[in-house]
Amino acid sequence: LFDGIYPFYPQQRKAAVFDISTIIVIVVFLTLACSFLLIIPGIRGRARLYWTLRVLLSLFVGVVIVVVQFTGDWETGWVQANTSYKSFSPVQVNADVGLHIGLAGVNVTLRGNPVNQINETINYNEHFPWNFGADYDQSYSQGLEKGLPSPILYVAEKFSTQSPCAVHRQYRIAGHYASATLWVAFCTWIISNILFSMPVLIYGGYMLLVTGAFMIFSLLSFSTVRNSPMCLIQIGTRTLHVAYGGSFWLMLAVGLLCFVVGITIVAMHHLNLDLLKTFFDLREDKAEEYQEMPEVFINPHFVNKGL
């Protein structure tokens, strides 16, 4: 040891705290929001409040659609149990085992209680991808070669193509179609913002309804995995159960929000168009369209000549 480390061997990897792709997406949308907040003082009167509400709500919907593509908590489950730590070893540790299922793969978390046990730091978060272009079995084989702890390999093996559980294909296809549907929802979200800025309010409302519909379709696509029975994941004497996670419920809430906003815009277009145009700061355009002809001055010299 040299200052408490092994100088000629790779150091133990630290557990990931945040996903880099998620951070990039959030930073991009926060930059757009901050840029708008810099120009909002230039908007006068009550329109400032309406602009702030519309822009922040639209950016919130957009960032949720993109971020959930990279999150790993569409389904989650935790269990605390005494379990073996390494293969061919009778030593057991007390640890929390977490399973986090996303659209692109599965994360298996192992965290000791306490973290430092048997002269080791037990804090792992391993990702096994199954999106198209990635080989899940290869990632699992690499985990075997690295000598990952037994609970992680045991949980990851349940989702391999060779597992008797036979859930790999269902999760992979469901995640692929849910992701594709969300990208379509992102495109319709962009179109709705373009229509609102043209402005074609009623068609923007229709496109917002389409956005909410595709978000709900993505949830239905992912929920098809529940049609296949899931094998029991036994950790020691405890069983790990999974349930819908934060990303699933957040997507459901935002999809319903798009429905409510879209229906409100369409209804106000037919019931109270003036109020809708006030909210979108279009009253001045209407006043210019219907304003009276200004007073005209005529030269009497030309009138007398019959011109």
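These are my notebook entries on one chain, looked up feature by feature.

**Entry 1. The whole chain**

I am working from a predicted model. I began with the secondary structure and found 10 helices and 7 strands. The chain has 307 residues, and 39% of them count as buried. The accessible area is about 18,300 Å², and carbon and sulfur atoms hold 63% of that. Next came contacts between residues at least 6 apart in sequence. Of these, 65% join residues at least 24 apart.

**Entry 2. Annotated spans**

I checked the UniProt record, an unreviewed entry. Its "transmembrane region" annotation covers residues 20–39, 51–70, 177–196, 203–222 and 242–267. I compared two of these spans with the model. Residues 51–70 are 85% helix and 0% strand. The end C-alpha atoms of that span lie 30 Å apart. Residues 242–267 are also 85% helix, but here 8% is strand. The end C-alpha atoms of residues 242–267 are 40 Å apart.

**Entry 3. Helix 7**

I turned to helix 7, residues 246–271. Its 26 residues reach 37 Å from first C-alpha to last. That is close to the 38 Å expected at 1.5 Å a residue. Which residues of helix 7 are buried? I listed Ser247, Phe248, Met251, Val254, Gly255, Cys258, Gly262, Ile265 and Val266. I then looked for their packing partners. The buried residues of helix 7 pack against helix 2 (47–67), helix 5, helix 6 (201–223), strand 7 (243–244) and helix 8 (273–279).

**Entry 4. Nonpolar cores**

I looked up the largest nonpolar core and found 63 residues in it. Trp74 and Leu99 have the most contacts inside this core. Helix 2 gives the core its largest share, 9 residues. There is also a second, separate core of 6 residues. Phe196, Leu201, Leu276 and Phe280 are among its members.

**Entry 5. Glutamine 69**

Glutamine 69 sits in the loop between helix 2 and strand 1 (75–84). Is glutamine 69 buried or exposed? I class it as buried, because its relative accessible area is 6%, against a cut-off of under 20%. What does the side chain of glutamine 69 make a polar contact with? The partner is the side chain of serine 179, at 2.5 Å. Leaving out residues up to four places away in sequence, glutamine 69 touches Leu103, Ser179, Leu182 and Trp183.

A cis peptide bond joins asparagine 113 and proline 114, with omega about 0 degrees. Proline 114 belongs to strand 3, residues 105–117.

Asparagine 119 has a positive phi, near 60 degrees, and is not a glycine. I placed asparagine 119 in the loop between strand 3 and strand 4 (120–129). Asparagine 119 counts as exposed because its relative accessible area is 86%, with the cut-off at over 50%.

Alanine 166 also shows a positive phi, about 55 degrees, without being a glycine. Its place is the loop between helix 4 (150–157) and helix 5 (168–197). Alanine 166 is partly exposed, with a relative accessible area of 46%.

Key. Residues numbered from 1 in each chain as written. Predicted model: local features only at pLDDT ≥ 70, side-chain atom pairs only at ≥ 80, totals over all residues. Heavy atoms only, no water. UniProt positions renumbered as here; feature names shortened; annotations may be inferred. Helix = DSSP H or I, 4+ residues; strand = E, 2+ residues; numbered from the N terminus. Buried < 20%, exposed > 50% of the residue type's maximum accessible area, 1.4 Å probe, protein only. Expected span 1.5 Å × (residues − 1). Contact = heavy atoms within 4.5 Å. Core = buried A, V, L, I, M, F, W, Y, C linked by side-chain atoms within 4.5 Å. Areas by Shrake-Rupley, 256 points an atom, 1.4 Å probe, with all protein chains shown as cover. Polar contact = N/O pair within 3.5 Å; in protein donor to acceptor, adjacent residues only side chain to side chain.
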